[in-house]
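Please examine the structure shown below with attention to its packing and its backbone geometry.

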Amino acid sequence: MTPEDEVRFRACLDDVAAYKPGRPPERTDGRPTYKLSSNENPYPPLPGVLAAAMEAAANMNRYPDMGALELLEALSERFGVPVTDLAVGTGSVAVLYHLLQAACGEGDEVVYAWRSFEAYPIAVQLTGATSVQVPLTEDARHDFKAMEAALTDRTRVVLVCTPNNPTGPVVRRDELLAFLDVVPRNVLVVLDEAYREFIREPETVDGAEVYRDRPNVVVLRTFSKAYGLAGFRIGYAIAHPPIVAAIRKCALPFGVSQIAQSAAIASLEAEDELLERVDALVTERTRVVAELRAAGWDVPETHANFVWMPLGGETLAFAEAAQAEGVSVRPFPGDGARVTIGEREANDLFLDVARSWRQ
């Protein structure tokens, strides 16, 4: 086949790296294994969620409600925002893809901290835009002064992940508002709050409040983490109507299944039980961080359902050591490993590996 006969694709795909999901644990000796690589909720469905999903599944021969109206109304009531300020997608990352597709093209720039969510560079590159990655501070936080300096007349979007995935620290309200004051109003600022429910820092930003008088602010949230619906893929955006309209134009028709919509509504109705589970995970997170620091690890503050292990060049070796003990973690070669807070038994296995690593 000659080059003239080859199917051609957009040049921006040439260097796109595939998204790497968390590796499942492997063991052949029959002992339990635990997956701490994907920030999943270790608990079973909340009360009423499984029944709602099964009821919706009985109508799988029908298309879902493309407008997700019942879910939007439930979210509207939950957050006190108009339905016109809400859009749903197959996970908050899908909503981000739609938003970037609507906002960016060749020659544009997207600014974000790094390291942050590994889907960001992929999502940006697929639009043809350029990623402008701003290094985190030494304590694994966003460096807003450096991010401000990175803004140019080509900047179309700024991504702010809080708590930051994979390092864990949150963005404080005062520092975000100061940053928003210097960002041009025609530049979108996306607050990725996928782990919002796990935050216990009183000075943190709340995107659902900040966006109200900031027409260029978009808030992303998800049902995948605290709500435990990772397998159903459903997330949402809170933003002003022009932004929501742009997201909806780029969304896949009928993308969010009726099963996912029904499960999300039932999850919102079970928030008391949800908060109890989140509190238990936060308590376990506190224990894990304390044990790591006692063992000599310099782990950053975390307000998510994971901890960050700054391993540098030892990252892959540590991940293999954990795998050998039946625990999978999420390595980022050369930087560190992210470890989900899971069942106590899983956390104890991980802590054993971490202690041994420091001996």
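The model is predicted: local features need pLDDT of at least 70, side-chain atom pairs count only at pLDDT 80 or more, and totals for chains, interfaces and linings use all residues. Residues are numbered from 1 along each chain as its sequence is written, and side-chain values use heavy atoms, with hydrogens and water left out.

Two packed helices are described by the angle between their axes and the distance between the axes. For α10 (residues 271-294) and α12 (residues 344-358), the axes come within 10 Å and cross at roughly 10°. Here the axes are lines fitted to C-alpha atoms, for helices over the stretch in contact, and the angles run from 0 to 180 degrees between N-to-C directions. Helices and strands themselves are DSSP runs numbered from the N terminus (helices H or I, at least four residues; strands E, at least two). The two helices α10 and α12 are therefore roughly parallel to each other, a description applied to angles under 35 degrees. On the α10 side, Glu 284, Arg 287, Val 288, Glu 291 and Leu 292 take part, and they meet residues of α12 including Arg 344, Asp 348, Phe 350 and Leu 351; contact means heavy atoms within 4.5 Å. By class, this contact of α10 with α12 has 5 nonpolar, 1 polar and 6 charged residues. In this scheme Ala, Val, Leu, Ile, Met, Phe, Trp, Tyr, Cys and Pro count as nonpolar, Asp, Glu, Lys and Arg as charged, and the others, Gly among them, as polar.

A second pair is formed by α3 (residues 92-103) and α4 (residues 119-127), whose axes come within 9 Å and cross at roughly 30°. The crossing of α3 and α4 is right-handed. Among the residues making the contact are Val 93, Leu 96 and Leu 100 of α3 and Ile 122, Ala 123 and Leu 126 of α4. The class composition of the α3 contact with α4 is 10 nonpolar, 2 polar and no charged residues.

Attention now turns to single residues. Val 190 lies in strand β6 (residues 188-192) and counts as buried at 1% relative accessibility; buried means under 20% relative accessible area, exposed over 50%, and partly exposed in between (1.4 Å probe, protein chains only). The contacts of Val 190 beyond four places in sequence include Leu 96, Val 158, Val 218 and Leu 220.

Arg 221, in strand β7 (residues 217-222), is also buried, with a relative accessible area of 5%. The side chains of Arg 221 and Glu 193 are joined by a polar contact of 2.7 Å, that is, a pair of N or O atoms within 3.5 Å in which, within protein, one must be able to donate a hydrogen and the other to accept it, and residues adjacent in sequence count only if both atoms are side-chain atoms.

The backbone remains to be considered. Most residues other than glycine have a negative phi, and most peptide bonds are trans. The bond from Thr 162 to Pro 163 is cis, with omega near -5°, and the bond from Asn 165 to Pro 166 is cis, with omega near 25°. Asn 39 has a positive phi of about 55° although it is not a glycine.

Conventions:
Left-handed = near helix turned anticlockwise from the far one by under 90°. Parallel < 35°, antiparallel > 145°, perpendicular 65-115°, else oblique.
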